[in-house]
Amino acid sequence: MGHQCIRNISKHLELHEIKIPKCKEFLKLIPNDSDALKAKVITYIQLSEYQKAIDVIEKAKRPSSLLFELAYSCYRKDDSTSEDLKNPCLQLKAQILYRMEKHYDALQIYQDILKDISEDDTYYEEILSNYYAVKAAFKNYDNITIIEDDVKENSTETYELAYNSACILIAEEQYDEAEKLLETAKSICREALLEEDYNEDEIEKELSIIIVQLAYVKQLKGNSKQANELYQNVLKLKSADEVVTAIALNNVIAIRKENDILDSSKKYRTISNQALDNKLTMAQKKSIEINGVLLSLYMNKYTAAIEQANVLMDKYPEEEILKLIKPAALYRQKNASEALKELEKHFNENKNSLKLCLSVAQFKIIQEKYEDALKTVETYLKCTNSDIYEYPGLLSLVLWLNEKCGNIEKSLDLLQTYIDNNDTTEDQALIKKLIDFKLHCNNPEEAAKDYEKLVKADPTNVEAISGLVIALSKFDIKKAEEYEQFLQTDHLSELVKGLNIDDLESSYASTKTYKKLVNQTVANNEKPRVKKPRKRKPFVPKNFIPNFKPDPERWLPKYERSNYKNKRKNLNKGPQGASVAGGGIGGTRSANIGGGKFVPLVEKTEKPESPVEEVKKTPPKQGPKKKTQPKKKKGKGRK
């Protein structure tokens with residue numbers, strides 16, 4: 001009878017009004033059946049009768065399996081005054097906001113929940129883990145200042161806490177610490193699941209999420225080979241979640257770039273399935289779609305790549321990489337001028353974009369338009385009101401472009417301002433490179449002043465002292481010799497510890513300074529050393545015999561050599577034309593159809609010989625001819 005009631009309920013799943021009496025009928029038979037009770041509550045929720053759902057749950061004495069439905073009903077009814085239902089309602093709301101990717105609002109709710117809940121509560125670790133997940137997503141995707149809180153971070157009490165703490169560190173670009181936490185989460189997860197008697201497939205499925213995140217960290221650190229191995233291990237698992245598999249495939253495509261394009265294209269078809277759209281976040285879908293455009297570009301499908309990029313630019317207008325697709329396609333088609341025009345159009349629309357600025361500058365540098373490239377960088381700095389001294393990479397580019405344009409004084413002024421604004425105890429390596437630039441620009445006096453500042457700040461700095469000696473040697477040798485005394489032998493041994501003297505000497509001989517020294521010796525009437533050309537032994541084969549004289553006709557074909565003997569059979573013997581005389585007609589040595597003797601073209605005058613009597617032979621009598629069948633000719637095979 002009970003099974004019949006369940007069948008009746010399943011027949012009317014879509015008719016919620018009919019489902020209620022069927023549930024009541026089943027509950028009369030089994031009053032405390034959890035499935036029928038849950039079906040009745042959910043039916044009331046679907047009918048928006050939240051008070052009736054609350055009454056059913058209250059009548060059943062609030063079973064733990066229906067606590068979430070009770071909180072949802074109270075939330076929709078705007079009745080969350082009860083203290084024991086306040087946190088479930090807030091958790092439900094925070095989870096919905098997190099799913100809607102409203103991370104800021106979800107984060108505020110979780111902070112309020114954590115203030116009211118004690119650490120001894122059974123749900124504290126679960127709530128804290130959700131808070132870490134929301135915080136990681138907030139730092140990754142939202143450009144808002146993080147809310148200050150007193151919640152502890154980097155907790156490793158459970159593997160969920162360790163995993164979500166690592167995600168926060170990834171968002172903060174602390175990859176080394178994140179990698180350690182993920183390794184810890186991996187070990188904790190395996191131990192915890194083994195204690196709960198999980199089988200190996202279930203453990204591997206749970207670990208696959210951590211492994212993919214660990215591979216992603218290695219990929220960000222530049223260890224693409226190790227990351228690819230971890231991704232491939234996850235892809236071999238049959239029990240892995242489809243979302244985890246899709247993310248692993250997408251990251252494998254990103255690692256390969258232009259390698260194995262056909263295989264990457266097959267993998268991309270599996271992850272571009274519409275069934276995954278509801279399971280992926282907006283950021284994940286965006287990354288997959290952009291990788292699809294890049295894949296079309298690598299496969300030389302330029303029209304498809306441009307069309308996809310135009311569609312995605314309307315969908316994600318903040319993504320600047322999509323604006324580079326069309327110029328890249330034009331440049332690959334050897335149309336650099338149109339590519340530059342397209343880039344300049346996008347840059348004029350958004351002059352605050354550093355990516356577009358550097359792309360335009362790169363195109364102009366390729367075309368050796370250094371002044372135009374310098375103007376592009378200066379336009380970006382003016383529009384953003386940026387201080388160039390805060391960006392060392394951009395500063396080095398401006399210095400190089402000024403040098404190419406011949407603005408040496410401007411470059412030196414920029415260098416001097418940067419060195420004056422920076423403390424000499426910090427970032428000395430960069431300051432030393434900038435001083436070397438002054439030496440490169442033939443300004444040793446300014447370079448010596450900067451080296452003196454470094455030496456005064458740290459008298460034990462051997463590199464600074466040696467640089468000062470080099471700079472002073474250009475214009476003040478006495479002072480250079482004074483500073484040379486501070487270079488002790490111990491310091492020198494440390495300085496040249498990792499140098500190869502032989503390599504230095506060999507590289508010195510190939511520089512321009514060596515040519516200058518040679519010119520100086522010629523000017524002083526000294527004979528320059530001229531290297532004698534080395535006589536190399538001739539290359540000979542392995543089985544070479546020294547006194548053996550080779551045949552001078554060895555390069556000729558055999559039939560043209562003097563010692564060639566024709567091994568072919570005598571054609572005068574045998575049937576069919578053996579006695580046919582040649583020549584006579586036209587002097588072409590063709591067969592004489594008349595059977596006459598060969599008449600030469602030019603008659604030779606010879607002395608008359610004495611006549612010889614011909615011996616007459618009588619032919620033998622022939623008997624009657626027998627009719628015989630003609631024999632088949634045996635064909636001669638090809639030689």
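Which residues is L182 in contact with, leaving aside its neighbours within four places in sequence? They are Y163, A166, I210, Q213, L214 and V217, where contact means heavy atoms within 4.5 Å. This is a predicted model: local features need pLDDT of at least 70, side-chain atom pairs count only at pLDDT 80 or more, and totals for chains, interfaces and linings use all residues. Residues are numbered from 1 along each chain as its sequence is written, and side-chain values use heavy atoms, leaving out hydrogens and water.

**Nonpolar cores**
- A nonpolar core is a set of buried Ala, Val, Leu, Ile, Met, Phe, Trp, Tyr and Cys residues joined through side-chain atoms within 4.5 Å; buried means under 20% relative accessible area (1.4 Å probe, protein chains only).
- The largest such core has 50 residues. L182 is among those with the most contacts inside it, as are Y110 and Y231.
- Elements giving two or more residues to this core include α9 (159-171) and α10 (175-195). The largest share, 9 residues, comes from α9.
- A second, separate core has 29 residues, including L340 and F363.

**Helices α14 and α15**
- The axes of α14 (residues 261-271) and α15 come within 11 Å and cross at roughly 150°. Axes are lines fitted to C-alpha atoms, for helices over the stretch in contact, and angles run from 0 to 180 degrees between N-to-C directions.
- That makes α14 roughly antiparallel to α15 (angles over 145 degrees).
- The contact includes Y268 of α14 and L295 of α15.

**Residue S287**
- S287 lies in helix α15 (residues 282-298); helices are DSSP runs (H or I, at least four residues), numbered from the N terminus.
- S287 and I247 are 40 residues apart in sequence and 9.7 Å apart in space, C-alpha to C-alpha.

How values were computed:
Parallel < 35°, antiparallel > 145°, perpendicular 65-115°, else oblique.
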